[in-house]
Amino acid sequence: MIVPAEVVEYDERWPLWFAEISADLEPYLDGLPHMIEHVGSTAVPGLAAKPIIDLDIVVPSAGLVPTAISRLVAAGYRHEGDAGIPGREAFALPAEVAHYHHLYIVVEGNKAHLDHVLLRDHLRAHEAERERYAARKRELAHLLTTDRTAYVEGKGALVEELIARADGSPAADAPGRTAPGAPSAG
């Protein structure tokens, strides 16, 4: 499958693709405590994006990560380690998939998980920030066919700024931070 190398306008099919990919994964995760979250730009209605669905398989503890990894390997995915992001296990796709996607395992409330959720939710809630991020991606889109690393790095500072505006990105156990779904102190 060819890796999408363009930034396109939001596509109403993206949530459907997420649902299809999730449904295909569920049999391999049966009995393992988890949730599957749609993260990344395709999870933000109205945001221009590469047509790549990002999925986090979220497990409640680090002890479940090896089991989740082995089950995804059994499903045909190839484990690629953290791919440079501590707390996030990345996977290469099987040979045959209906929709190109990025698949990760994260532990609920860790920095990698919170960064994905904070950015997604912030962009969903703030149109001006969503448009600013889309403009930056369009500006860098020419790099997708020649230097994907430069494309990612070119967005990096803005992504970090947006996460900080969305309430920062410390680990869930840092003072003042509660994990998603946990009761807040205030």
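Predicted model: local features only at pLDDT ≥ 70, side-chain atom pairs only at ≥ 80, totals over all residues.
Local features need pLDDT of at least 70, side-chain atom pairs count only at pLDDT 80 or more, and totals for chains, interfaces and linings use all residues. Residues are numbered from 1 along each chain as its sequence is written, and side-chain values use heavy atoms, with hydrogens and water left out.

Me: Is Ser22 buried or exposed?
Reply: Buried means under 20% relative accessible area, exposed over 50%, and partly exposed in between (1.4 Å probe, protein chains only). Ser22 has 9% relative accessibility, so Ser22 counts as buried.

Me: Which residues does Ser22 touch, not counting residues up to four places away in sequence?
Reply: Ser22 is found in helix α1, residues 14–29. Helices are DSSP runs (H or I, at least four residues), numbered from the N terminus. Contact means heavy atoms within 4.5 Å. With that sequence limit, Ser22 touches Ile36 and Leu55.

Me: How many salt bridges does the count come to?
Reply: A salt bridge is a side-chain nitrogen of Lys or Arg within 4 Å of a carboxyl oxygen of Asp or Glu. By this rule the count comes to twelve.

Me: How many residues apart in sequence are the parts that Arg132 and Glu161 tie together?
Reply: The side chains of Arg132 and Glu161 meet in a salt bridge, 2.8 Å from N to O. Arg132 lies in helix α4 (residues 127–140) and Glu161 in helix α5 (residues 148–165), so the pair ties together parts whose separation in sequence is 29 residues.

Me: Which residue forms a salt bridge with Arg136?
Reply: The closest N and O atoms of this pair are 2.1 Å apart. Both residues lie in helix α4, three residues apart, about one turn of the helix. The partner of Arg136 is Glu139.

Note on methods. Helix = DSSP H or I, 4+ residues; strand = E, 2+ residues; numbered from the N terminus.
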